[in-house]
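Visitor: I have a structure to go through before my next meeting. Could you take me through it?
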Amino acid sequence: MSIALRGVTKQFGQYAAVENIDLDVPTGALMALLGRSGSGKTTLLRIIGGLETPDQGQVLFDGQDATLWPIGDRKVGFVFQQYALFRHMTVFENVAFGLKVKRRGERPSAPAIRTKVQELLALVQLSWAHDRYPAQLSGGQRQRVALARAMAIDPKVLLLDEPFGALDSQVRHELRRWLRRLHDELHFTSIIVTHDQQEAIEVADTVVLLNQGKIEQVGIPDEIYDLPRSAFVHRFLGQVNELPVLLRDGRAYIGPIDISAAAEVQTGSARNIALIRPHEIEVGQASAGWPATVLAVRVIGPIVRLDLCADDRPIHEPLEAEISRERFEAERFTIGQRVGMRFRRWQVYPAAA
Amino acid sequence: MGRLLLIVTALLFLCVFLVLPLLVVFAQALAKGFEVYYLAILAPMAWAAVKLTLLVAAIAVPLNLIFGVAAAWAIAKFNFRGKSALITLIDLPFAVSPVIAGMIFILVFGTHGWFGGYLRAHHIRVVFAVPGIVLATMFVTFPFIARELIPVMQSQGKDDEETALSLGATGWQTFWRVTLPNIRWGLLYGVLLCNARAMGEFGAVSVVAGHIRGVTNTMPLHVEILYNEYNYTAAFAVASLLALLALLTLAGKSILEWRQPELRHAVRRPRDRTRRAYS
Amino acid sequence: MKVNSSAAAALMGRKTRGVLPGFGLTLGYTMVYLSLLVLIPISAVFIRSSSGGWAHFWEVVTAPRVLASLRLSFGASLVAASINVVFGLIVSWVLVRYTFPFKRFIDGMVDLPFALPTAVAGIALTALYAPNGWLGAWLKPLGIEVAFTPLGIVVALTFIGMPFVVRTLQPVLEELDREVEQAAASLGASPLQAFCRVIFPALWPALLTGFALAFARAIGEYGSVIFIAGNMPMRSEIAPLLIVAKLEQYDYAGATAIAVVMLVLSFAIMFGINALQNWAASRHGER
């Protein structure tokens with residue numbers, strides 16, 4: 001099922017949670033709504049799921065106006081961060097809940113319910129746990145039960161609100177990959193809310209970045225990472241080094257490096273900043289590039305991070321560079337060493353007032 | 001040394017003010033032996049009082065239970081203006097003297113009260129009759145269940161209910177199958193406290209009852225009558241039943257607190273619990 | 001009824017409800033039940049007392065017997081609440097900080113005054129403190145008479161007020177960070193200094209709240225007092241008892257006048273406690 005939002009606005013008192021949102025979710029997409037807390041991502045998800053009614057605008061399901069459909073009629077599977085498993089029911093009863101509360105005519109027979117629940121538990125690899133209570137399961141297992149429960153009603157859309165937020169990083173990683181595989185197998189439309197850009201990029205095929213109730217950018221993960229449309233998006237999607245762009249004699253510089261050739265430089269009186277990701281800094285011999293001193297070296301498995309104090313820059317604002325382990329093994333940078341920096345890529349934005 | 005002194009002081013204080021009063025009830029009740037005790041308890045008037053007390057509690061507690069669940073649902077699951085004022089109003093009966101609690105129903109339903117003429121014309125007795133006793137009991141036990149349930153429901157949030165609705169459950173199905181099981185211990189806790197007060201209320205009931213023997217005497221009133229007739233053994237015998245009820249209530253309360261530690265300290269912390277409503 | 005349902009409708013006016021059903025039903029029911037059982041009957045007291053006119057009201061509440069009963073009720077409640085603050089602090093401290101046999105049992109027993117019907121408490125305390133009672137027999141040779149004197153009233157009010165102080169203090173004491181005390185000790189403070197300068201400042205809002213709760217309960221208390229008080233006009237007659245006496249003489253104007261004085265004071269204490277708790281909460285930033 002495809003979902004479309006048209007001009008959706010929701011106020012809480014004086015505070016606009018989401019403002020005039022237009023968004024299309026094609027059938028079978030796995031879309032991530034990414035943003036900080038308070039960006040409106042959860043409100044948007046709740047509006048799609050029917051847990052909130054928008055003040056203005058429309059929610060379309062397959063082109064039909066579903067704005068005021070009651071939640072029970074929408075066929076959405078909801079998964080919450082805190083699982084919201086029914087504590088007094090076993091895993092089996094939790095998953096069967098959506099089937100058992102159907103109206104008499106629509107309710108499957110008891111054996112049919114049992115078969116269906118067992119299928120779902122097999123799908124989430126929890127067949128062994130069907131008579132356990134939620135309290136007896138780990139966080140990751142609980143979230144898989146919640147997912148199975150949501151899928152029991154054959155939802156057209158799966159809505160996941162920070163589903164892995166309460167789990168530790170190892171389990172998060174596994175569950176993300178598992179969710180992605182599941183989605184590829186079953187092909188329902190899914191929307192996942194997260195504040196973790198890593199998670200969004202890893203799991204989704206479209207990322208929607210929200211900021212203060214508005215959409216900053218929509219795109220596939222590569223695009224949004226490589227071509228951020230604003231400094232906000234650029235900063236949000238990973239580590240960045242920020243350097244002022246200096247204008248001298250009609251040419252633009254980052255430190256001593258002349259960047260005038262790059263087309264995107266805006267000349268004029270506006271102050272600009274350049275954002276450079278750590279892996280976009282190339283570190284080499286002191287003779288070439290912007291001279292700098294190595295302040296710190298941290299080896300983190302396959303990568304190595306260097307803190308660099310560029311000449312003419314304050315020492316308490318070092319730049320962070322990321323190089324491969326192989327390169328580090330070859331060059332053997334040491335603290336205090338003089339090096340030269342070059343920038344492989346950068347992006348220039350007007351500095352915020 | 002200081003520690004020992006503190007413990008001894010505390011225990012001595014509790015002994016004088018808690019243990020001795022409780023012991024003296026049973027000692028006096030059994031002062032003339034078990035036979036006299038049984039006779040006092042099995043006396044027809046005593047039985048009538050027991051039955052009336054049970055009847056009053058059987059009406060007042062369920063009504064306050066329904067109210068408590070409704071109030072907690074509205075307050076814990078929704079935001080609306082005037083919520084804090086409503087919570088304060090629910091606590092109001094705790095600030096009213098039991099005597100005044102009884103008096104207000106005389107003012108409304110008594111011979112010279114607002115509805116006195118109407119009630120007399122239709123031969124309905126409220127004051128000096130069972131309905132008055134029930135009303136006064138309902139008034140004094142009014143806040144108990146609501147104030148236990150409000151924080152319990154608030155702490156549980158709305159996720160469970162929203163999930164149930166998204167899975168296609170109706171409002172009633174959600175309430176019966178999801179909400180009620182979640183709040184059952186808090187509910188029981190409130191019922192326990194409400195029931196203890198309902199069966200033990202004296203001041204309010206005494207004002208509206210009119211002391212008609214065998215008709216409007218609850219157990220606490222019967223204790224008073226026996227006591228004022230210098231029938232001490234019988235008075236303490238009936239009192240011992242009420243003391244037993246109190247001990248059972250405390251035991252039940254301790255068990256529930258052990259099952260649900262967050263219920264502890266729930267008896268009398270009006271503000272800090274309601275404050276959570278807004279955080 | 002009409003007024004209340006429209007008030008409920010006004011409360012429902014804003015559209016941020018979410019999807020859970022039953023808001024109108026439950027809030028409406030709450031308002032109706034609250035109004036019928038609590039608000040309207042209480043308003044009867046105020047309406048009745050004003051029907052006689054201000055002059056009559058003043059005349060009733062300044063009658064010597066009424067003044068004496070109010071003075072006794074407030075005085076005895078004040079003394080009892082003060083006793084409870086001192087011993088309640090000790091009891092809650094001991095229960096929170098130390099371990100000793102039967103601690104759980106004793107902790108549970110603290111709620112006995114909540115659970116024990118007041119009439120039972122009244123006759124039990126009377127039996128204890130009567131001249132031939134377990135404690136009265138000891139006190140009599142010392143020249144201390146408790147039963148049937150104002151002192152007896154204080155004893156009864158101390159009994160019923162005690163859990164309020166203990167149960168208000170306990171959670172605050174439990175949350176009190178012991179490391180702060182240890183830090184004070186490591187900085188050279190004596191235990192007494194640590195208590196006065198570190199613990200007490202964190203405790204006094206709860207102490208004051210417990211005091212106010214015990215005080216408010218004591219003012220209105222009836223059942224546990226009347227047996228032990230002696231009930232002599234001008235000497236050991238509490239205000240609630242005087243209300244009952246006036247009701248029995250069908251002197252509704254007199255009874256409601258005293259009731260109004262007590263209600264106004266009780267409500268004032270209640271709002272004071274609310275304000276205090278909110279203030280303490282905002283100051284300490286506790287949630």
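Visitor: In what order do the elements of chain C run from the N terminus on?
Guide: This is a predicted model. From the N terminus on, the elements of chain C run α-α-α-α-α-α-α-α-α-α-α-α-α-α. The chain has 14 helices and 0 strands.
Visitor: What does chain C span along its principal axes?
Guide: The C-alpha trace of chain C spans about 65 × 65 × 35 Å.
Visitor: And how many of its residues are buried, as a percentage?
Guide: Of the 287 residues in chain C, 56% are buried. Chain C exposes about 12,400 Å², with carbon and sulfur atoms supplying 68% of that area.
Visitor: Which residues make the nonpolar surface patch?
Guide: B:Trp114, B:Phe115, B:Tyr118, B:Ile124, C:Leu36, C:Ile40 and C:Ile47 make a patch of about 680 Å².
Visitor: Which element gives the largest share of the patch?
Guide: Helix H2 of chain C, residues 23-51, contributes the largest share, with 3 residues. C:Ile47 is found in this helix.
Visitor: Where does the charged end of A:Arg149 sit?
Guide: The charged end of A:Arg149 sits over the ring of A:Phe86, 4.6 Å from the ring centre. In chain A, the charged end of A:Arg277 sits over the ring of A:Tyr225, 4.4 Å from the centre of that ring.

Note on methods. Residues numbered from 1 in each chain as written. Chains lettered and ligands numbered in written order. Predicted model: local features only at pLDDT ≥ 70, side-chain atom pairs only at ≥ 80, totals over all residues. Heavy atoms only, no water. Patch = residues over 30% accessible without salt bridge, like charges linked within 9 Å, V, L, I, M, F, W, Y side chains within 5 Å. Areas by Shrake-Rupley, 256 points an atom, 1.4 Å probe, with all protein chains shown as cover. Salt bridge = Lys/Arg side-chain N within 4 Å of Asp/Glu carboxyl O. Helix = DSSP H or I, 4+ residues; strand = E, 2+ residues; numbered from the N terminus. Lys NZ or Arg CZ within 6 Å of the ring centre and 35° of its normal. Buried < 20%, exposed > 50% of the residue type's maximum accessible area, 1.4 Å probe, protein only.
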